[in-house]
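Hi,

Here is the structure I said I'd pass on. Have a look at it first, then read my notes below.

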Amino acid sequence: MRRLVICLLALAIAAILAATASNQAAGAPSDGPPPPDGYFTLQPVGTWSGLPSGASCAGQVHRSTWEPRPDNTRRNHVVPNTQTVHDAFAARPVGGYDPHWNSWLLPRVDGHFTGTTDEIFQWAACKWGLPDNVIRAVAYQESTWYQYLVYPNWHNRCVSYYGCGDFFGHSSPDSIVYMNELARFGYDYQQDYGAGLGPETFSILGIKSWQAPSWGQMPGNQNGTFPFNRNSTAFAADYYGSDLRGCFEGWISWLHAQNANYGPGDLWGCVGNWYSGDWHDSGADQYTSEVQGHLDDRIWLQPGFPNDRPGCHPTYGCPGPDTLPLEPPPPPPPPPLPPPPPPPPPPAGPPRATACRVPRVVGRPLASARARLRAAHCKVGRVRRVHSRPSLRGRVLAQNPRAGKMKRRGYPVALRVGRR
């Protein structure tokens, strides 16, 4: 009898193990976070033509119910219309890049995936041959992993640097054109910031939509990413992955013309370029260092990560997911542009005149620091709020670059500001 019981027990254990293996093979979801080393690795330069499709990568995602950012759920399930995305890019071909950029890379971007925030990162990493942990770390640096956080009780005003950022320092005829173009897609940011003022970048990965005419004329002074980058987390991750892969392949021709050290194979150089638009300058390297710190810490696996969110504002109320239309009606096509003049030689980047002499703003209140930077022909760049003692709350604790540095006019100075 005892042998029979032991035999039956062994068969039951074997059946449980077989069922577990079967579920894992079928991709049954778990309830835990990704492993510390992630799931996907960097694919070498030159392998771009063999990268898997988005549909193939959807089957390679390790599904999990783990969602440390439930505020993203609505935007995680927005799938843009592929033809509308491709039409937006086709109307705005970029100059100063390898031909693959317009012919292969941008046409591959579609944002056709839904899932949790982390599943979307996995999908984009697979599709573009990138380490998923790098995307996780960049997303923390850009937005603390928030796709588009707003103050729902204050007409959906976006929460700065939690899905919208890089705000204009002053209004201009060009910025007014851009802000009016954005307003056609369900929200006029000028009601919050003033005529011609508002965010240049959107999404969990800080995708810039603003296109200064001096960089190359485009309809509406935007590069075709809006409103997809605001509306869809998957589009944001897809577009970011495409940019990082194109840079890694060495396809940014204007950057090589501007800096001979740029070339294929330097992933961290490309991470820094995403921030500064330059190649291993001080701003890019500082940004990269911060991203690498998040990666080394595996910040998304820390116990306090699910509670890492901005507090309530005394005027705007508490932040949360937006209630904007998910799919606003498509706007009428923009009026045709006049025939363009002969294309200027690359680079198609901002002027490099060193007209910004960085002032010292450490110790000053943020408003005073902004005024001082503007007076010195600089502008406020990324503002990161960090815990500090009460006497330093609202004051600048650190700046980059340091005081006395000469930079181009309008150079963004990154600030760290004390908070509770």
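Start with Gly163, which you'll find in the loop between strand E2 (157-158) and strand E3 (164-167). Keep in mind that this is a predicted model. Is Gly163 buried or exposed? Gly163 is buried, with a relative accessible area of 3%. Setting aside neighbours within four places in sequence, Gly163 is in contact with Ser143, Tyr146, Gln147, Tyr148, Thr201, Phe202 and Ser203. Also look at Arg230: it sits 67 residues from Gly163 along the chain, yet their C-alpha atoms are separated by 7.6 Å.

Next, the sheet. Three strands make up an open sheet, in the order E3-E4-E5, with antiparallel pairing. E3 and strand E5 (207-208) are at the edges with a single partner strand each, so one side of each has no neighbour in the sheet. E3 is joined to strand E4 (residues 199-202) by three bridges. In that pair, Gly165 stands opposite Thr201 in E4, and Thr201 is also one of the contacts of Gly163.

Now jump to helix H15 (residues 366-375). Which residues are buried there? Leu366, Ala369 and Leu373 are. They lie on the same side of H15, because they cover an arc of only 55° around the axis. Ala367 and Ala375, on the other side of H15, are exposed. The cover over the buried residues of H15 includes strand E8 (379-387), strand E9 (396-400) and strand E11 (412-419). Just after H15, His377 has a positive phi of about 65°.

Cheers

Methods
Residues numbered from 1 in each chain as written. Predicted model: local features only at pLDDT ≥ 70, side-chain atom pairs only at ≥ 80, totals over all residues. Heavy atoms only, no water. Buried < 20%, exposed > 50% of the residue type's maximum accessible area, 1.4 Å probe, protein only. Helix = DSSP H or I, 4+ residues; strand = E, 2+ residues; numbered from the N terminus. Arc of directions from axis to C-beta. Contact = heavy atoms within 4.5 Å. Pairing = 2+ DSSP bridges.
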